[in-house]
Amino acid sequence: MNAALFQYLLRLGDTSLVLGQRLGEWIGHAPALEEDLGLANLSLDLIGQARLLLTYAGEVEGRGRDEDALAYFRNEDEYRNLTLAEQPNGDFAQTIVRQCLLDAWQHEVYTALSGSSDARLAGIAAKSLKETKYHLRYSAGWLVRLGDGTAESQRRAQRALDELWRFTAEMFVADAVDAEIAAAGIGPPLESIAAGWVERVSAVLGEAKLVRPTDVPYSWHGKRGQHSEHLGYLLAEMQSLQRAHPGAQW
Amino acid sequence: MVNTAMTASTQGSEPLERAIWSLLEHVPDPEIPVLSVVDLGIVRDVTCTPGEPPRVSITPTYSGCPATAVIRRDIEHALHSGGHPDAEVLEVLSPPWSSDWLTDAGRRKLREFGIAPPAESVANPRRLFGPLIIACPRCGSTATERVSEFGSTPCKAHYRCTSCREPFDYFKCI
């Protein structure tokens, strides 16, 4: 069980960490100061969640690795985040589409995990859910403004949705880890959270006047360590200081 | 909170608990120094069991809030230099912090400092929908508009008053 729980915590924590790192790339570059602050705040919350989850993962693993060891000294194929989280920022529309799809996923996951049989994870989830609700309001609000905005913003939002939709299937396809976690009452069966996600996302897309793309077969398995080409570059930047100066602090 | 946690064996430590609470009331929040960590609802519990070090439980406002580490250090310093060198500080996550835990004194201090306090209770499910009515902390007008969902710290959003033109922070309801 500990092996499955370790993997499960890495999936949750790595998804938050990688998405938080991506959002941090916007700092100083966002379209307006308010969005610069907004994306940085989202990033901060996500990295905070990642710290709680990775600290717990390290304790479950029992090999003495803390949050920093897990964040800075694992290679790409040891990362377990959803492939969607590592996709590049692109333009503002692509960042918002990615954010909204993942916020809605976290909303379902954290809601279910708030009632987990694992009290520590339930506490982290209940804390994170409060933040996620705020994130979702931000990203869904922007998606509606972009989709139901000008012809250009509508075109870009639809293009981003068409580009990123193929990565969402990975959220709901269960493997042995997911099955073991669900059987233990720690996490939800993935099919049980899929319906809520589809309903929530469809409502936002409807209001945004965006067309939900067709589901397609997918070949990314970030949660098993098989990533797109983008993760390696993200980790190289995030980890370079600790790799060059292990244990450095300021 | 203190009283409900008491049992017959801890009754003798009640004055000690009160002394620690009053020490904590003088530890300011590093980002909003008009508020104490008690005003903010960050201090969850003080437990003094005879024969054991006093324990202070604190909870972060937001999981990524960089002030949490500073707050912990400031509380430890206040306890250790205030005559409780053996006191311990524990971090707890459950139940998660809520802006409902801001004390009434805290809300008043926020307004006087120029920050609009949370407008509604978290218990109201409507708070995430529809427009909130936020009064300007400077002139009291409710003719205000949101500039950004986010502000200078994780716990605040950015507003402006359309009556007196003052831009101001709003303490988010979470």
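**Figure 1. Fold of chain B in the predicted model.** Read along the sequence, the elements of chain B follow the order α-β-β-α-β-α-β-β-β-β. That gives three helices and seven strands. Helices (H or I, at least four residues) and strands (E, at least two) are DSSP runs, numbered from the N terminus. This is a predicted model, in which local features need pLDDT of at least 70, side-chain atom pairs count only at pLDDT 80 or more, and totals for chains, interfaces and linings use all residues. Residues are numbered from 1 along each chain as its sequence is written, chains are lettered from A and ligands numbered from 1 in the order in which they are written, and side-chain values use heavy atoms, with hydrogens and water left out.

Of the 174 residues in chain B, 47% count as buried. Buried means under 20% relative accessible area, exposed over 50%, and partly exposed in between (1.4 Å probe, protein chains only). The accessible surface of chain B is about 8,300 Å². Carbon and sulfur atoms hold 53% of that surface. Accessible areas come from the Shrake-Rupley method with a 1.4 Å probe; for residues, only the protein chains shown count as cover. Among chain B contacts with a separation of 6 or more, 51% are between residues 24 or more positions apart. Contact means heavy atoms within 4.5 Å.

**Figure 2. Fold of chain A.** Chain A has nine helices and zero strands. From the N terminus on, its elements run α-α-α-α-α-α-α-α-α. The radius of gyration of chain A is 17 Å, close to the 18 Å that the globule rule gives for 250 residues, so chain A is as compact as a globular protein of that length. The radius is taken over C-alpha atoms, and the rule is 2.2 Å times the number of residues to the power 0.38. Along its principal axes, the C-alpha trace of chain A spans about 55 × 40 × 35 Å.

Of the 250 residues of chain A, 57% are buried. Its accessible surface comes to about 10,300 Å², with 55% on carbon and sulfur atoms. Among contacts in chain A between residues at least 6 apart in sequence, 81% join residues at least 24 apart. Chain A carries 24 positive and 34 negative side chains. The centres of these two sets lie 2 Å apart. Lys and Arg count as positive and Asp and Glu as negative; His and the chain ends are not counted. Each charge is placed at NZ of Lys, CZ of Arg, CG of Asp or CD of Glu.

**Figure 3. The interface between chain A and chain B.** Here 20 residues of chain A are in contact with 24 residues of chain B. The two chains bury about 2,100 Å² between them, 63% of it on carbon and sulfur atoms. In chain A, A:Lys127, A:Lys130 and A:Tyr134 lose the most area to chain B, together 34% of what that side buries. Buried area is the accessible area (1.4 Å probe) that two parts lose on being put together, summed over both.

Figure 4. B:Tyr62 counts as buried, at 2% relative accessibility. B:Tyr62 and B:Asp104 are 42 residues apart in sequence and 21 Å apart in space, C-alpha to C-alpha.

**Figure 5. A:His135 in helix 5.** Helix 5 of chain A covers residues 119-147 and holds A:His135. A:His135 is buried, at 0% relative accessibility. Leaving aside neighbours within four places in sequence, A:His135 contacts A:Leu42, A:Asp45, A:Leu46, A:Gln49 and A:Asp103.

**Figure 6. A:Leu190 in helix 8.** A:Leu190 is found in helix 8 (residues 190-207) of chain A. It is buried, with a relative accessible area of 9%. Beyond its neighbours within four places in sequence, A:Leu190 has contacts that include A:Met171, A:Phe172 and A:Lys223.

Figure 7. A cis peptide bond joins B:Ser94 and B:Pro95, with omega about -10 degrees. B:Pro95 is in the loop between strand 3 (88-91) and helix 3 (104-113) of chain B. A:Lys209 is in the loop between helix 8 and helix 9 (230-244) of chain A. Its phi is near 55 degrees, a positive value in a residue other than glycine. A:Lys209 is exposed, at 54% relative accessibility. B:Arg165 lies in the loop between strand 6 (156-161) and strand 7 (167-171) of chain B. Phi of B:Arg165 is near 70 degrees, a positive value. B:Arg165 counts as exposed, at 60% relative accessibility.
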